[in-house]
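Please read the points against the structure shown here.

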Amino acid sequence: MRPLRAWLFVIPVLLLSAARASSHHAAAPVYDEKRLITVVGVLTQFKFVNPHAMMFIDVTDETGKVVEWVVEMAGRFNLSEAGWTADSIKVGERLTLTGNPTHTGSHRMFFRRLVKADGTELLPATTQRLNVIEEERRQRVRQRNQQK
């Protein structure tokens, strides 16, 4: 009878923990994944941390007022795999950022693309990883074709 009581306690705890863990990474409740917006501004802070890296940029709106935008990103570990470092972008740099806006219209977005003033493009970890995988695939196809 004791093991049954233990399981009656453990199973609900595990179910609640799993639901909470999976909901942490769901962007859809906060960000509109069907829309993209682009803002141009000056980086004031870059937090290269886990679980989510964050950028803060000052954007001048259409009335001339400077508004702080918060840009949420993947965490440091994922970004590092794609080649990002804490020095990938610097405070004071002018950036063009594209991302998914919030459903509420706040000055916040989820990062999809960054272009520096010199034209250098930085992408999220998943996009860069997929690009690397695709390039490796193309190279293997070229090698096979050359061997024929």
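1. The model is predicted. Trp84 and Phe111 are both buried. Their rings form an edge-to-face aromatic pair, with 5.8 Å from centre to centre and 85 degrees between the planes. Trp84 lies in the loop between H2 and S4 and Phe111 in strand S5 (residues 108–116), so this pair ties together parts 27 residues apart in sequence.

2. The structure has 4 aromatic pairs. In one of them, the ring centres of Phe46 and Trp84 are 6.1 Å apart and the planes stand at 50 degrees, so the pair is tilted. Phe46 belongs to strand S1 (residues 37–47), and 38 residues separate it from Trp84. Both Phe46 and Trp84 are buried.

3. Ring pairs join Phe46, Phe48, Trp84 and Phe111 into a cluster.

4. The salt bridges number 5. Among them is that of Lys116 with Glu93, whose closest N and O atoms are 3.8 Å apart. This pair links distant parts of the chain, with Lys116 in strand S5 and Glu93 in the loop between H2 and S4, 23 residues apart. Lys116 has a relative accessible area of 18% and is therefore buried, the cut-off being under 20%.

5. Another salt bridge joins the side chains of Lys90 and Asp87, at 3.8 Å from N to O. Lys90 is partly exposed at 43% relative accessible area, whereas Asp87 is exposed at 54%.

6. Arg113 and Glu121 also form a salt bridge, with 2.3 Å between the closest N and O atoms. Arg113 is partly exposed, its relative accessible area being 37%. Glu121 is likewise partly exposed, at 38%.

Notes
Residues are numbered from 1 along each chain as its sequence is written. This is a predicted model: local features need pLDDT of at least 70, side-chain atom pairs count only at pLDDT 80 or more; totals for chains, interfaces and linings use all residues. Side-chain values use heavy atoms; hydrogens and water are left out. Rings of Phe, Tyr and Trp (its six-membered ring) pair if their centres lie within 6.5 Å; planes under 30 degrees apart count as stacked, over 60 as edge-to-face and the rest as tilted. Helices (H or I, at least four residues) and strands (E, at least two) are DSSP runs, numbered from the N terminus. Buried means under 20% relative accessible area, exposed over 50%, partly exposed in between (1.4 Å probe, protein chains only). A salt bridge is a side-chain nitrogen of Lys or Arg within 4 Å of a carboxyl oxygen of Asp or Glu.
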